[in-house]
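Dear colleague,

Please find the structure below for your review. The findings follow directly after it.

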Amino acid sequence: MNIILLGPPGAGKGTQAQRLVDRHGMRQLSTGDMLRAAVKAETPVGLQAKAVMERGELVSDEIVSALIDAELTALGASAGVIFDGYPRTVAQAESLDAILASHDRSLDYVVELDVDEDALVERITGRFSCATCGKGYHDKFEQPAQPGTCDKCGGHDFKRRPDDNEETVRTRMAEYRAKTAPILPFYEARGIVRRIDGMADIDAVTASLESIVAGAPV
Ligand code: AMP
């Protein structure tokens, strides 16, 4: 099973992907996470991507498609994959077709999380996560039960993404509208797009996603 989660920054792609990973043993392939790891490790890709990411612009199609291809090679054939934050341009969608074919995989669904952009800015600028285990929190919507201590692992260090400030978020939204939204017709023509109300409660979004996944061949 291979699905793409599509939606602007802050739509909840990462949160929902993580739930599918926990419940179904699928693998989440997030180009954003891969790029952040590359930036942290100061690899050549990371050095190239850092400033682009800080501005909220898109990293080159060649870089992200090569990252996805390498991850699929490392993964082997068994696990289902959730693409989170990839593809983000029509060129990436075309590359993904070729990459999937070369790995004997095909796409089952493209799930679009439908969201209200203004609400997203509040969602994104308030989010932070545990530096140890990665559990996500929010200043307004989900504080740790005990302030300063992670609910999941008990860690005390928290971090924020450098690109989660309002100015960069607005650029990321504009990039989504201009370059990513146009890939929907590409998949609509194949009849594999499904839409979910991404403004609904997190559990309701998961339930909708589960019913879509249940319809896909395993
Ligand atoms: P994300 O974590 O998905 O919000 O991605 C964070 C940043 O990484 C984006 O704002 C882009 O700068 C870069 N990025 C992640 N995925 C892609 C992609 N598929 N294509 C181009 N840039 C990407």
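Isoleucine 4 stands opposite valine 110 in strand S4. The model is a predicted one: local features need pLDDT of at least 70, side-chain atom pairs count only at pLDDT 80 or more, and totals for chains, interfaces and linings use all residues. Residues are numbered from 1 along each chain as its sequence is written, and side-chain values use heavy atoms, with hydrogens and water left out.

Strand S1 (residues 2–6) pairs with S4 in the parallel sense, over 4 bridges. Here helices (H or I, at least four residues) and strands (E, at least two) are DSSP runs, numbered from the N terminus, and two strands pair if DSSP finds at least two bridges between them. S4 also pairs in the parallel sense with strand S8 (residues 193–197), over 5 bridges; there, valine 111 has arginine 194 of S8 as its bridge partner. Of the 6 residues of S4 (residues 109–114), 5 are buried, so the strand is largely enclosed by the rest of the structure. Buried means under 20% relative accessible area, exposed over 50%, and partly exposed in between (1.4 Å probe, protein chains only).

The largest nonpolar core has 31 residues, and Leu72, Phe83 and Tyr187 have the most contacts inside it. Such a core is a set of buried Ala, Val, Leu, Ile, Met, Phe, Trp, Tyr and Cys residues joined through side-chain atoms within 4.5 Å. Among the elements that give two or more residues to this core are S1, helix H2 (31–40), helix H4 (61–75) and strand S3 (81–84). H4 gives the most, with 6 residues. Leucine 72 touches residues including Leu29, Val81, Phe83 and Ile99, not counting residues up to four places away in sequence; contact means heavy atoms within 4.5 Å. A second, separate core of 22 residues includes Leu20, Tyr109, Leu113 and Val121.

In H2, the residues Thr31, Gly32, Met34, Leu35 and Ala38 are buried. They lie on the same side of H2, because they cover an arc of only 160 degrees around the axis; the arc is that of the directions from the helix axis to the C-beta atoms. Strand S2 (27–30), H3, H4 and S3 are among what covers the buried residues of H2.

The ligand is surrounded by 16 residues, of which the closest are Thr31, Arg36, Glu57, Gly85 and Gln92. A residue is near a molecule or strand if one of its heavy atoms lies within 4 Å of it.

- A polar side-chain atom of threonine 31 lies 2.8 Å from a nitrogen atom of the ligand.
- For valine 59, a backbone N or O atom lies 3.0 Å from a nitrogen atom of the ligand.
- An N or O atom in the side chain of glutamine 92 is 2.9 Å from a nitrogen atom of the ligand.

Arginine 172 is found in helix H7 (residues 166–180) and is buried, with a relative accessible area of 10%. Its side chain reaches the backbone oxygen of aspartate 163 at 2.6 Å. Arginine 172 also touches other residues, including Pro9, Gly56, Ile124 and Arg127.

Finally, 3 strands form an open sheet in the order S6-S5-S7, with antiparallel pairing. Strand S6 (136–138) and strand S7 (158–159) stand at the edges, each with a single partner strand, so one side of each is left without a neighbour in the sheet. Strand S5 (residues 127–130) pairs with S6 over 3 bridges, and arginine 127 stands opposite histidine 138 in S6.

Yours sincerely

Key: Polar contact = N/O pair within 3.5 Å; in protein donor to acceptor, adjacent residues only side chain to side chain.
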